[in-house]
Amino acid sequence: MDEEAAVLGAVAVHRRHCCGDRVIPMTAFGRAARMVRRGGCDHEMSLTDGRDQQHRPVALVTGAGRSAGIAASVVVTLARTGWDVGFTYWTPYDARMPWGADPEAMTQLSGQAAEHGARTVAVEANLADPHTTADIFEAVERELGSVSALVLAHCESVKSGLLDTSIESFDRHFAVNTRASWLLIREYARRFRGSHGTGRIVSLTSDATVGNLPYGASKGALDRITLAAAQELAHLGVTANAIDPGPTDTGWMTAEIKDAVLRATPLGRLGRPRDCANLVAFLCSPDGGWINGQLLRSDGGIS
């Protein structure tokens with residue numbers, strides 16, 4: 001595998017080092033660990049099998065590349081409620097968006113999760129590449145153990161409408177938002193070995209299609225796939241639900257959009273990442289196990 005394929009194949013895995021907050025890059029396939037010098041001492045990264053010491057369930061959260069995003073809040077909230085968490089990110093996507101890349105996000109996120117006793121592993125993954133899915137699960141399972149909950153919070157979101165959407169943009173939105181989500185759900189189901197009733201799939205969707213055609217359409221397809229999983233994975237005892245969090249203040253809103261959302265929301269405030277994260281955590285908990293096959297609107301009443 002050449003270097004370009006390695007990047008596109010999502011083999012850059014980051015893990016917190018025992019001596020501090022520095023992020024140590026490794027390959028997803030566990031090849032030679034790098035040596036890190038801190039405080040005059042050499043330390044070699046040990047590749048421990050998380051299943052030998054696992055006492056917390058493991059969640060995999062996609063799309064946690066920004067500290068201000070919903071996925072980041074989900075990671076921390078799940079850590080606070082007793083989960084170890086693997087999460088994916090893709091820096092080139094954030095770099096081409098107006099808000100720019102957040103290079104410290106992975107270290108900060110792992111640190112916040114560790115404060116709640118959680119182990120984490122971060123996997124850089126280009127979800128437009130259909131060959132990354134197995135690599136993601138291999139990386140998370142190697143470090144943390146088998147995945148019990150899958151939270152699909154990644155997205156491609158470049159605004160355009162019916163008349164100005166390019167074929168390239170349309171295809172990229174469906175590759176990331178729809179196809180990758182199907183492949184992740186399929187890989188999760190093939191690997192799931194948990195007790196009946198303990199598995200969870202939660203996807204984040206949207207109905208923002210007008211003026212945002214490829215995003216809204218691809219997200220609409222995602223929630224159909226999620227609801228199908230609630231039926232097709234019944235033999236595994238896995239629940240599958242989709243959440244529409246509505247307009248959420250993650251740094252993308254202009255002053256005009258904020259004003260319009262505030263006026264349209266009965267509760268009179270903007271949606272916050274933790275609003276959605278709290279619902280995800282509930283659905284992943286034992287108390288949320290009877291909710292299945294639902295599209296849940298958690299948007300303060302704006303819909």
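## Basis of the description

Helices (H or I, at least four residues) and strands (E, at least two) are taken here as DSSP runs, numbered from the N terminus. The model is predicted, so that local features need pLDDT of at least 70 and side-chain atom pairs count only at pLDDT 80 or more, whereas totals for chains, interfaces and linings use all residues. Residues are numbered from 1 along each chain as its sequence is written, and side-chain values use heavy atoms, with hydrogens and water left out.

## The protein as a whole

The protein has nine helices and eleven strands. Of its 303 residues, 51% count as buried, where buried means under 20% relative accessible area, exposed means over 50%, and partly exposed lies in between (1.4 Å probe, protein chains only). The accessible surface comes to about 14,100 Å², and 53% of that surface belongs to carbon and sulfur atoms; such areas come from the Shrake-Rupley method with a 1.4 Å probe, and for residues only the protein chains shown count as cover.

Contact is defined by heavy atoms within 4.5 Å. Among contacts between residues at least 6 apart in sequence, 74% join residues at least 24 apart.

## Helix H2 and its cover

Helix H2 spans residues 70–80 and is mostly covered, with ten of its eleven residues buried. Those buried residues are Ile 70, Ala 71, Ala 72, Ser 73, Val 74, Val 75, Val 76, Thr 77, Leu 78 and Ala 79. Their cover includes the strands E5 (58–61), E6 (84–89), E8 (147–152) and E9 (199–204), together with the helices H4 (105–114) and H9 (273–284). H2 is followed by Gly 82, which has a positive phi, near 105°.

The axes of H2 and H9 come within 8 Å and cross at roughly 45°, axes being lines fitted to C-alpha atoms, for helices over the stretch in contact, with angles that run from 0 to 180 degrees between N-to-C directions. The two helices, H2 and H9, are therefore oblique to each other, given that angles under 35 degrees count as roughly parallel, over 145 as roughly antiparallel, 65 to 115 as roughly perpendicular and the rest as oblique. H2 passes H9 in a right-handed crossing; a crossing is right-handed if the near helix is turned clockwise from the far one by less than a right angle, and left-handed if anticlockwise. On the H2 side the contact involves Ile 70, Ser 73, Val 74, Thr 77, Leu 78 and Arg 80, which meet Pro 273, Arg 274, Cys 276, Ala 277, Asn 278, Val 280, Ala 281 and Cys 284 in H9. By class, this contact of H2 with H9 has nine nonpolar, three polar and two charged residues, where Ala, Val, Leu, Ile, Met, Phe, Trp, Tyr, Cys and Pro count as nonpolar, Asp, Glu, Lys and Arg as charged, and the others, Gly among them, as polar.

H2 and H4 pack at an angle of about 20°, with their axes 8 Å apart, and are therefore roughly parallel to each other. Here too the crossing, of H2 past H4, is right-handed. Ala 72, Val 75, Val 76 and Ala 79 in H2 meet Leu 109, Gln 112 and Ala 113 in H4, and the residues of this contact divide into six nonpolar, one polar and no charged.

## H6 against H7

Helix H6 (residues 167–191) and helix H7 (residues 213–232) pack at an angle of about 15°, with their axes 8 Å apart; H6 and H7 are therefore roughly parallel to each other. H6 passes H7 in a right-handed crossing. The residues of H6 that meet H7 include Phe 170, Phe 174, Asn 177 and Trp 182, and their partners in H7 include Tyr 215, Lys 219, Leu 222 and Ile 225. By class, the contact of H6 with H7 has eleven nonpolar, seven polar and one charged residues.

## Individual buried positions

Asn 177 lies in helix H6 and, at 1% relative accessibility, counts as buried. Leaving out residues up to four places away in sequence, Asn 177 touches His 154, Cys 155, Glu 156, Tyr 215, Ser 218, Lys 219 and Leu 222. Asn 177 and Lys 219 are 42 residues apart in sequence, with their C-alpha atoms 6.1 Å apart in space.

Leu 184, also placed in helix H6, counts as buried at 0% relative accessibility. Beyond its neighbours within four places in sequence, Leu 184 is in contact with Thr 62, Leu 127, Thr 133, Ile 136, Phe 137, Leu 150, Leu 152 and His 154. Asn 212, found in the loop between E9 and H7, is buried with a relative accessible area of 11%, and its contacts, again leaving aside neighbours within four places in sequence, are with Ser 157, Val 158, Lys 159 and Ser 160.
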